[in-house]
Amino acid sequence: MNAAAANRPAQPIKLYGTTLSGHVHRVRLFLTMLGLPFENVEIDMRKRDNRAPEFLARNPFGQVPVIEDGDLTLADSNAILVYLNERYASDPARWMPRDAVGAARVQRWFSVAAGPLAYGPAAARIMALFGHTTDPTETVKRSHALLSVMEMHLQQQPFLAGPAATLADIANYAYVAHAPEGSVALDTYPNVRGWLERVEALPGFVPMVRTPIGLAAVA
């Protein structure tokens, strides 16, 4: 059974994004885990729907995801995770620890998601997905540098911020799981693969659509 929400939105939350985005997936995943009603509003990035005036009114940066929850409009996937947790989770401390050290550990992995993950596995996947002509060698190298750190870290504990899953795992899951789409192999990272399996075993888990590109291409 999915985690019960302490409160329910008056109407389904609108989630603006694309199924191809790991940033959007982390929000969709957490909405599902919390058992919250939501409506997907597909934004076609190839057609630059994210640069349309009506979308820029929601997020001037032109980035997905964006949610609308009643009168609230909120952008940035990690910020949205924090909002959903504090507003709707039956036990917010379950996903964001209340002690100083635990909260700092989650924040550290938010920073990883916005930095090394975004400029490593996520960027390598984007290059392959949109057919960029830029040489991906350095991006793939950065990806493996991150995965090597995660591999050592996950040798000591089952989840990124401690013994139980937190928002840190939700924020980092998708782009690691889909790293092979950017020609970043996971074969030599057994602890990382084990962590992915543990996240996928969480109640309410929903996968992100797989794209047959990079190492995930159909032969």
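Reply: What follows starts at the pocket and then moves out to the helices, the sheet and some single residues. Keep in mind that this is a predicted model.

Start with the space itself. The largest pocket holds about 730 Å³. Its lining is made of 32 residues. Nearest the centre lie Ser21, His23, Val64, Ile126 and Tyr175. By type, the lining has 17 nonpolar residues, nine polar ones and six charged ones.

Which helices supply at least two residues each to the lining? They are helix 1 (22-33), helix 3 (77-88), helix 5 (100-114), helix 6 (116-119) and helix 7 (121-129). Helix 7 gives the most, with six residues.

Seven of its nine residues are buried, so helix 7 is largely enclosed by the rest of the structure. Buried here means under 20% relative accessible area. The buried residues are Pro121, Ala122, Ala123, Ala124, Arg125, Met127 and Leu129. What do the buried residues of helix 7 pack against? Their partners are helix 6, helix 8 and helix 9. Just after helix 7 comes glycine 131, with a positive phi of about 65 degrees.

Helix 8 deserves a stop too. It spans residues 137-153, and histidine 153 belongs to it. Is histidine 153 buried or exposed? Its relative accessibility is 19%, so histidine 153 counts as buried. Leave aside neighbours within four places in sequence, and histidine 153 touches Arg108, Trp109, Phe159 and Leu160. Arg108 and Trp109 fall within the range of helix 5, 100-114.

Four strands form it, in the order 2-1-3-4. The sheet is open and its pairing is mixed. Strand 2 (38-42) and strand 4 (72-75) are the edges. Each has a single partner strand, so one side of each has no neighbour in the sheet. From one strand to the next, the twist averages 20 degrees. Strand 1 (residues 13-17) and strand 2 run parallel, joined by five bridges. Within this pair, glycine 17 faces glutamate 42 of strand 2.

Helix 1 lies across strand 1, strand 2 and strand 3 (66-69). Its direction is at about 160 degrees to strand 1. Helix 3 packs on the sheet as well, touching strand 1, strand 3 and strand 4. The direction of helix 3 makes about 135 degrees with that of strand 4.

The peptide bond from valine 64 to proline 65 is cis, with omega near 5 degrees. Proline 65 sits in the loop between helix 2 (53-56) and strand 3.

Arginine 48 lies between strand 2 and helix 2. Its phi is near 60 degrees, a positive value in a residue other than glycine. Arginine 48 counts as exposed because its relative accessibility is 55%, and the cut-off for exposed is over 50%. Serine 183 is in the loop between helix 9 (167-177) and helix 10 (190-200). Serine 183 has a positive phi near 60 degrees. At 37% relative accessibility, serine 183 counts as partly exposed.

Technical notes. Residues numbered from 1 in each chain as written. Predicted model: local features only at pLDDT ≥ 70, side-chain atom pairs only at ≥ 80, totals over all residues. Heavy atoms only, no water. 1 Å grid on protein atoms, 1.4 Å probe; cavity = no way out; pocket = protein on both sides within 12 Å on 5 of 7 lines; lining within 4 Å. Points joined across faces, edges and corners; volume = space filled by probe spheres on them. Nonpolar A, V, L, I, M, F, W, Y, C, P; charged D, E, K, R; others polar. Buried < 20%, exposed > 50% of the residue type's maximum accessible area, 1.4 Å probe, protein only. Contact = heavy atoms within 4.5 Å. Pairing = 2+ DSSP bridges. Axes fitted to C-alpha atoms, helices over the stretch in contact; angles between N-to-C directions.
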